[in-house]
Protein chains: 4
Amino acid sequence: MIIVMQQGASRDELAEVKKRIRDLGYKPHVIHGATRNVIGAVGDERGKSVLQSLESLPGVENVVPILKPFKLASREVKPEPSEVEIAPGLVVGGKELIVIAGPCSVESEEQIVGTAKSVKQAGAKLLRGGAYKPRTSPYSFQGMEEDGLKLLATARAETGLPIVTEVVNPRDVELVARYADVMQVGARNVQNFALLKMLGQLDKPILLKRGMATTIQEFLMSAEYILSEGNQKVILCERGIRTFETATRNTLDISAVPVLKGQTHLPVIIDPSHATGHAHLVPSMCYASVAAGADGLIVEVHPTPETAASDGPQSLRPAEFSAMMEKLTLFASAAERSL
Amino acid sequence: MIIVMQQGASRDELAEVKKRIRDLGYKPHVIHGATRNVIGAVGDERGKSVLQSLESLPGVENVVPILKPFKLASREVKPEPSEVEIAPGLVVGGKELIVIAGPCSVESEEQIVGTAKSVKQAGAKLLRGGAYKPRTSPYSFQGMEEDGLKLLATARAETGLPIVTEVVNPRDVELVARYADVMQVGARNVQNFALLKMLGQLDKPILLKRGMATTIQEFLMSAEYILSEGNQKVILCERGIRTFETATRNTLDISAVPVLKGQTHLPVIIDPSHATGHAHLVPSMCYASVAAGADGLIVEVHPTPETAASDGPQSLRPAEFSAMMEKLTLFASAAERSL
Amino acid sequence: MIIVMQQGASRDELAEVKKRIRDLGYKPHVIHGATRNVIGAVGDERGKSVLQSLESLPGVENVVPILKPFKLASREVKPEPSEVEIAPGLVVGGKELIVIAGPCSVESEEQIVGTAKSVKQAGAKLLRGGAYKPRTSPYSFQGMEEDGLKLLATARAETGLPIVTEVVNPRDVELVARYADVMQVGARNVQNFALLKMLGQLDKPILLKRGMATTIQEFLMSAEYILSEGNQKVILCERGIRTFETATRNTLDISAVPVLKGQTHLPVIIDPSHATGHAHLVPSMCYASVAAGADGLIVEVHPTPETAASDGPQSLRPAEFSAMMEKLTLFASAAERSL
Amino acid sequence: MIIVMQQGASRDELAEVKKRIRDLGYKPHVIHGATRNVIGAVGDERGKSVLQSLESLPGVENVVPILKPFKLASREVKPEPSEVEIAPGLVVGGKELIVIAGPCSVESEEQIVGTAKSVKQAGAKLLRGGAYKPRTSPYSFQGMEEDGLKLLATARAETGLPIVTEVVNPRDVELVARYADVMQVGARNVQNFALLKMLGQLDKPILLKRGMATTIQEFLMSAEYILSEGNQKVILCERGIRTFETATRNTLDISAVPVLKGQTHLPVIIDPSHATGHAHLVPSMCYASVAAGADGLIVEVHPTPETAASDGPQSLRPAEFSAMMEKLTLFASAAERSL
């Protein structure tokens, strides 16, 4: 933390700020500047947010955080990339690119099993499908709940594909964990800390989606909630942020991939379906994501998007998914990844 | 919904879209345009989101929602403003402006009771204080939990001020409801639909904060979740949205007040503390909020902001709060409100 | 500037950074932190942006600006508020609130003279009207150009109201200056530095609008362009910023008023018409602006908004403007301003 | 345009709106909805913005544009992609990917000629370099102006690389055109319509950068300004948009590539240097851009970024650029492009 004093702050005010810094367990270090003084507070980074309150002291102009407040997620604590194992021989964060595919919502046995078969054939390594759906409107389809989880299990039994599915309520963590191979935290729950803490106590991979207005630093702090409870199996997922642009549902923040790779050891995947909101934009964003260095993709696929209960416009048809996967191998190979 | 056909879409494609609209229970109405056709779908608004999937049909360029998807929150269903009663003689949404004040977090009996007394004396009608704190970092103070609720009850017993406090986990709804007069949903939980549905089943006022990246329409849909479960006592709270500007913690969207007033009958209050993040900006934003037509304010007040466990920089000292309240009476009177 | 070294940066890397800082004319001051070192660079603030390039040196993590890069606009150089004189007895930034009103575009003599008369009667002190219109589409009305300026002069002759009008091309500065009392720089030209430099050489008040995506710091740097060329008569105008919210044309950043007042001595006015884009939202935003401490308003008024060549939906009718002005006196008085 | 009537609008109000639509040269077409009526206005799209003013009529709720207001830039007018020829055998928008490289600012003969030689050797096809620099601060280096243009001409003479350089003032268009092969319009001037109109009268390629807060639709309208004046040689450049994220200078909107490709025939290139602001993020964004379907790149390269007069932190060193170009060939080939 850097505490910036006001121009013209008095000696006493400076002394008081130094005293407070020491009281909070940090060592003050004053730089006497041309127009004003600034004070560095030296000590353990994790607790430094408490220094922010010094902004209320007389003579203080503002308090500027300099360092990153996350620790377990950081490359400084663990420089080598983490590989998250999902099933024997199936890891996210390794040499192999992992593609997760499936419908937004589980709608019926025929739909989910059929989709599972076709995405598997095209090269997907996991099946996605929502049983608990956080929908903007209470009048929209809210998901099949446990019945949906059962159908996902059926699809897994028939195809061998592990399952990724979302949990939205801390109450349901145990139930969903009984079915899911990977627990997904959706964008709206990225700062649902009660949920994150519970998931931190599981021994199961967590797919954590970035929120629509979550900075990369906040995103890593949310991962830190899971890691600090003991669960190290966290997969980060960029899925578009909210901006002024309305041509796409969100704006895919593709540079988040190299930014995250520079700051954390955790694997990073991309969701181009929610990022763009339109199926015809998805394939090129898949290629771009892999070229940018992503460890995988999560893509919405539906047998008949025009009848989908949710997110139809952004779902690829199985044939479109298959064509995308074929072309993706070329980009994977350019990125020195296998698919 | 307006379905816009591509230029050059075929007659068959148009016929298929019309058929699908009818299949979904709506009546298609084609406008033959200069360069392309557009189709209006006539019928009940609430279910229309299902029409969005038609974007996946051949020949369709895009699907444009025209009307608002909320109903119970809308002025069209209930034109006159709603008054939410908190205690006998104490309503939000009436002639009287309601000011809620108190610290971000409950920290000790002395802190919360002392603050309660001073804000009451200055004219506050409710006491705020957090016992469950959603914090960006797992290493930051997370709140006193039930002990904090008990201290709030003590403060209420000593001052008579009803209590507003946040609930973050559906599991705690019942517990918090035992202590709170008004249940607060924080900005990070505005789309925590599991929580909203449970709160919809209470007979207790809900203070619903807008999220950092929540549009006004989405905000009203979140209110609709509570209303559609039966609880009509919803108070909306604008608290700043996330923008590119970094001089303030968030950007107070003050025009949300007249926009909301035009669309909904629910009362609207403003939180200038979280919106700005800096105590010296709070008083002028209080005056502006009242001038804009807000029904009340929720303001952070702390006896010693420089030692606050959270949000110190944005907390007013009791004397500052008191001075603000005094000046606020002038603006309240200009706005034809009592204070 | 604070130069943050990487964890594990070598002694030699640190030495090289210190040497470079000295080479650029600054004094390095190292703080040896718990996990890494940070270096403060002490010296004249204005040129410090050159230090940003040190981020490219080995061992440097990033370079963080701590202080504000503007000088002439700052309160530190000139603590007391500036009053910009427009005509004898007419100043912006004093006790008196100044309301500027008129149509978006000058369309005809009848329109501009009629509007001038009615806004004058309602209490406006200046007339606005565009003769050069920067329009998003080349197929939209582009303004009457010099003919428009002449009609503005006619309106001034008939009413005595000084004229505010926009200049968009450096080539036209001299011509527009021959007619205008105040030269307006529109939001799209806030970083048209060629234009700003020319206006800095005039002896005439400049109304500088903030851009849609301009931070407050950048806004003040744009003012600094004018000031540093010699023209001290700058009036700042907040007119809404671009955010994700679509219910309003832009989002009025009302807290920009106290933020600007804290950083600069220049007067600050608000344009609620462009900020909101809808006439029915304008009056409440006028009241809020005055309550927030603005020195004035610039409001679009048109005799028949439904036929306006531009910005009809956000224009008040003369009767609406007049009603707003009447109510505004109450808020002005609460804010201890005269109107 | 769709004109949405208020619920409960009267027959007379509807009749008046229909009349006004006809008066403006359009044909009204009413859809009688379940809760309210909506009116489609049929006719030429380009002039439809004038219909927006009908929002001011009694009984009208709002006016929703349905179609795109640009014409010459659209794929509907010209379905096949445009190729912009820069020199004999050198086109942007064809099979070959075009990489433009060079320093932010021209600083000296040695710097610009040396950089030109090294980027040419690495495969760049054009040289970039700024002689007129729009800088946020008046105290920052403003460019070498005509001397810089002369040095660019020297670099071209020595290497044969055509020159891309920015023009910021309509006054300088003629002068810059004497030296430049491609005229660049910077992000801050994307809506400097006076400048765009002048460039529309040249017979020279224009590289038009998207603004920080420019929607894709507005961006195409700016291109339309150039096209409608007669100059069809427009190259679009995405360079990052302004969002809440601060880890990068801007947020690279990579999905703008397929969105633009779907709407316009104009070629699209990417500037990953300004988008990210950090050199280490540039290579992966180059690969991603090509994978997304971009027609080229414009990349900042400086021999010694730590001494650069501007934009040092985002400039690649020649060796880094060369390594990036080598790896880029793999992605180009996966994208079926030559390099």
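Which residue of chain C comes closest to the rotation axis? In this predicted model, in which local features need pLDDT of at least 70, side-chain atom pairs count only at pLDDT 80 or more, and totals for chains, interfaces and linings use all residues, that residue is A213(C), whose C-alpha lies at 2.9 Å from the axis. Residues are numbered from 1 along each chain as its sequence is written, while chains are lettered from A and ligands numbered from 1 in the order in which they are written.

The axis in question belongs to a rotation of 180° that superposes chain C on chain D with 0.0 Å of shift along the axis and an RMSD of 0.0 Å, copies being superposed by least squares on the C-alpha atoms of residues with pLDDT of at least 70 in both. The same surface serves both copies, in that 100% of the contact residues of chain C recur in chain D; two residues are in contact if their C-beta atoms, placed from the backbone, lie within 7 Å. To this contact chain C and chain D each contribute 42 residues. On the side of chain C that touches chain D, the elements that give two or more residues are α5 (193-199) and α6 (216-228) of chain C, where helices (H or I, at least four residues) and strands (E, at least two) are DSSP runs numbered from the N terminus. Of these elements, α6(C) gives the most, with five residues. By class, this side of chain C divides into 18 nonpolar, 15 polar and nine charged residues, with Ala, Val, Leu, Ile, Met, Phe, Trp, Tyr, Cys and Pro counted as nonpolar, Asp, Glu, Lys and Arg as charged, and the others, Gly among them, as polar.

The contact takes 42 residues from chain A and 42 residues from chain B. Two or more residues are given to the side of chain A that touches chain B by α5 (193-199) and by α6 (216-228) of chain A, of which α6(A) gives the most, with five residues. The residues on this side comprise 18 nonpolar, 15 polar and nine charged.

Within chain C, helix α2 (residues 109-122) packs against helix α3 (residues 146-159) at an angle of about 35°, with their axes 9 Å apart; axes are lines fitted to C-alpha atoms, for helices over the stretch in contact, and angles run from 0 to 180 degrees between N-to-C directions. The crossing of α2(C) past α3(C) is right-handed, a crossing being right-handed if the near helix is turned clockwise from the far one by less than a right angle, and left-handed if anticlockwise.

In chain A, the axes of helix α2 (residues 109-122) and helix α10 (residues 318-334) come within 9 Å and cross at roughly 20°, which makes α2(A) roughly parallel to α10(A) (angles under 35 degrees count as roughly parallel, over 145 as roughly antiparallel, 65 to 115 as roughly perpendicular and the rest as oblique). This crossing of α2(A) and α10(A) is also right-handed. Here S118(A), V119(A) and A122(A) in α2(A) meet P318(A), F321(A), S322(A) and M325(A) in α10(A), a contact with five nonpolar, two polar and no charged residues.

Helix α9 (residues 282-292) of chain A is largely enclosed by the rest of the structure, because eleven of its eleven residues are buried; a residue is buried if 20 or more other C-beta atoms, placed from the backbone, lie within 10 Å of its own, exposed if 12 or fewer, and partly exposed in between. The helix is followed by G293(A), whose phi is positive, near 110°.

In chain D, Q7(D) lies in the loop between β1 (2-5) and α1 (11-23), and with 14 C-beta neighbours inside 10 Å it counts as partly exposed. Leaving aside neighbours within four places in sequence, Q7(D) is in contact with E76(B), T35(D) and R36(D).
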